Amino acid sequence: MNSIARCEVVRAAVFLSSRSVVSDPELMIEFTDVTKTFPGMERPAVDGLTLSVKRGETLVLLGSSGCGKSTLLKLANRLLEPDAGEIRIGGRAVATWPVRELRRSIGYVIQNIGLFPHWTAEENVAAPLRIAGVAPEERRGRSRELLDRIGLASDEYAGRYPDELSGGQQQRVGVARALASDPEILLMDEPFGALDGITRERLQDEVRRLKGDLGKTILLVTHDLFEALALGDRIGVMHEGRLEQAGPARELLSAPATPFVEELFKKPARQLEAFGEAGGASVAKEGS
Amino acid sequence: MEHLFWLTLLPVGIAVAVALPLAVAVRHRPWPRSVALGLSSVVQTIPSLAMLAFLLPIFGIGKVPAVIALTLYAILPVLQNASLALRDLPGDVLEAADGMGFSPRQRLALVELPLVLPVVFGGIRTATVICVGVATLSTFIGAGGLGDFINRGIALNRTSLLLLGAGAAAALALVLDFLIDTVGVVLRPGRKPPGLRPRLVAAGVVVALLAAVLAFPRPADATARGAGGANAAPAGTVVVGAKNFTEQIVLGELLAQWIEGRTDLRVERRFPLGGTVICHEALLDGGIDLYVEYTGTALLNLLGLDHDPGASADAVLAEVRRHYRERFDAVVLPPLGFENTYAIAMPRESAERRGWERISQLAEADAAADGGGLHAGFTAEFVEREDGLPGLRRAYGLRFARVSDLAPELIHAAAASGEVDVIGAFSTDARIHEFDLVVLEDDLGYFPPYEAVPVVRRGVLERLPELQPVLEELAGRIDNATMMRLNHAVDVGKRLPREVVRDFLKPFLNEEETG
């Protein structure tokens, strides 16, 4: 199959799936023909993109920097507004939600963590509860419980300020903060971008555990192929504002819809081969 | 103390109340922010004295214009720090706040303001130190404060007073800076820095000391009130002003003690004020009730009239009196008896050797030397003023080989040491005696007469009818020699004007009482 034909197939499939979303209660996040162009830019940052995330699913958006994946995330909680197209959360068009109500129902982990430097870990985690008017005692208990769950013993870490925490610990606090109001949906923008390999792997393990324990719907953005393979139920590959292909890792590996997707997976596969069979096997296992 | 509250805390408080909301209002708007910052920077570049002079005609003298000026100065550092800190807040923290659904108000109150607080406090500290410093200048418009010491120190050439004022101002600046910083540290959200406890203890001690100093009754106040007579009924109050040089302070004290001694009125001394124009404006707008002016100054500077060379002192007095009545609704009382005129002075020894007694002789010698001879020293003001050096040159045909601008404090010494041959001086200046100089006679009558006359608003004389006869008793009591002697006692003898005047008036007051 040549690449153009392959594209057509993918588009048709995506189109069909987007038609069906309207009535499907299993779809938590839906982007339909969404386009966003920033002022002064020639090319749209997001270009006619259609994609959906099922309830309880982890979808990883994979792409190089500037491909529009972070923009897509911010369109979901209306930090940005689209120029065209529609976005639905839990079946409801986000444009019709009061913006703060929408945001408070979604956990958001940003690229640079963005902890409040003047608050302790405990206060940071409790921030979403605080703005929602939860009583101090209650949010304190909830906050400590989350810190414990995320692997930071609350007795030791609750009173620390962000600059007294390592990068990995800060990132955990960021994740705990996103979970504080127990949202059904988590948006995570390069959540482990700034971390070293080992810390990163440990946190990825914990996110997988959270996924299993809590049943959250997660839309996660990364430029790291291995993170995508490790975390994603499905992977959406983005390039220059467009969705190249979305599907389980195995499908992307075995049947890349575009030359870009093919090339994306080919290079690391070659590198892994160079390390020997063990590496290759591990990728296959992660992807399955 | 007025310096602390009126001239520092109040303006800084107003500035914070204005600048902080302004910074918040313009934080997302680059254009208004630039305009606000630009405007407050422009205000900052206005020299302090010029600012006070601008406000003078609008608000008169006293605390109000000083507080306004200081507030304007205090706004910039607070506004600048607050709005730049708000602009430069870390984007990821704000994104996190927005992303989790903070309302704009919550974001401002819980995140933005707490995070910029330390920087804002930095601005408040800067504003406070600026205010303590600039406030020393507001003494020129009669706003009081530590500048009074400095102003008197300069006016009376008293280094000790000057150092007292300047030292106290510096100490106050340091203390306030420390206290405000401590408040900032306590209010700062987040982790408390180490050493907070000793710092709080130190701040407590400083506050206690400050309170003790402020609670201590000030001797100046006590004597001023005491002199009014404890049993005197508060029939009314008279505010006496004076300009900022020795003779004026002596005369202000003289009017004050005379009124206190001869009436039941309470006297408020509001001097030294910044200069002729400030005294005059204050007289007209009620900031002061009376002060001593010189007929020549009134004629040329305040009324803007020309001096007709050769006009008699009586003629000038009559003209000034008429114009004061018609234009200012003020009364020019009878002259005190001396003239403090501009004069050309030179070392006695040199004058006697050359046989010079009159300015025209000086001019002849100057002409004979074909401009090659004389080196003259004048104050910058005298050199510039049309009725100063330019007019003098025309009237006498003087050329001078060289003219130097000299500071008024140095000019007599320069003449005595022979650095310059002749100088411009004031005829009653004690330093003419001190440096053994003589005054050359103004034989062409170029300089207008400068008779010292008390000037009073007419309304004051009507309100307090006992005042005019008492002030008229002073007519002719102080001749040139007396005035020079009193000035000498203060300038050279380093005595307090209050004491010099008291000793001088003692026989007269006794005589009036017994007689």
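Predicted model: local features only at pLDDT ≥ 70, side-chain atom pairs only at ≥ 80, totals over all residues.
In chain B, helix H1 passes helix H4 in a right-handed crossing. H1(B) covers residues 5-25 and H4(B) covers residues 63-87. Their axes are 7 Å apart, and the packing angle is about 40°. An angle under 35 degrees would count as roughly parallel, and the two helices are therefore called oblique to each other. As for what sits in that contact, there are 23 nonpolar residues, two polar ones and one charged one.

Staying in chain B, the next pair is H7, residues 147-155, and H8, residues 159-187. Here too the axes are 7 Å apart, and the angle is about 155°. The cut-off for roughly antiparallel is anything over 145 degrees, so H7(B) is roughly antiparallel to H8(B). The crossing of this pair is left-handed. On the H7(B) side you can find Phe149(B), Ile150(B), Arg152(B), Gly153(B) and Ile154(B). They meet Leu161(B), Leu162(B), Leu164(B), Gly165(B) and Ala166(B) of H8(B). Sorted by class, that contact has seven nonpolar residues, two polar and one charged.

Now to chain A, and a helix pair there. H4(A) runs over residues 121-131 and H5(A) over residues 136-149. Their axes come within 9 Å and cross at roughly 120°. That angle makes H4(A) oblique to H5(A). In handedness, H4(A) passes H5(A) in a right-handed crossing. H4(A) contributes Ala121(A), Glu122(A), Val125(A), Ala126(A), Leu129(A) and Arg130(A). From H5(A) come Arg139(A), Arg140(A), Arg142(A), Ser143(A), Arg144(A), Leu146(A) and Leu147(A). The class count for this contact is six nonpolar, one polar and six charged residues.

Next, the two chains together. How much area do chain A and chain B bury between them? The figure is about 1900 Å², with 65% of it on carbon and sulfur atoms. The contact takes 23 residues from chain A and 20 residues from chain B. On the chain A side, Phe116(A), His118(A) and Ile131(A) lose the most area to chain B. Together these three residues account for 30% of what that side buries.

Then the charged pairs. Over all chains, the structure holds 38 salt bridges. One pair crosses between the chains, running from Glu95(B) in helix H5 of chain B, residues 91-99, to Lys74(A) in helix H2 of chain A, residues 69-76. The closest N and O atoms of that salt bridge are 3.9 Å apart. The count between chain A and chain B is one salt bridge.

Last, two points about the backbone. Most residues other than glycine have a negative phi, and most peptide bonds are trans. Where does Ile113(A) lie? Ile113(A) is in the loop between strand S6, residues 106-109, and H4 of chain A. Ile113(A) is not a glycine, yet its phi is positive, at about 70°. In chain B, a cis peptide bond joins Phe271(B) and Pro272(B), with omega about 5°. Pro272(B) also belongs to a loop, the one between strand S2, residues 266-270, and helix H12, residues 276-285, of chain B.

Notes
Residues numbered from 1 in each chain as written. Chains lettered and ligands numbered in written order. Heavy atoms only, no water. Axes fitted to C-alpha atoms, helices over the stretch in contact; angles between N-to-C directions. Helix = DSSP H or I, 4+ residues; strand = E, 2+ residues; numbered from the N terminus. Parallel < 35°, antiparallel > 145°, perpendicular 65-115°, else oblique. Left-handed = near helix turned anticlockwise from the far one by under 90°. Contact = heavy atoms within 4.5 Å. Nonpolar A, V, L, I, M, F, W, Y, C, P; charged D, E, K, R; others polar. Buried area = accessible area lost by both parts, 1.4 Å probe. Salt bridge = Lys/Arg side-chain N within 4 Å of Asp/Glu carboxyl O.
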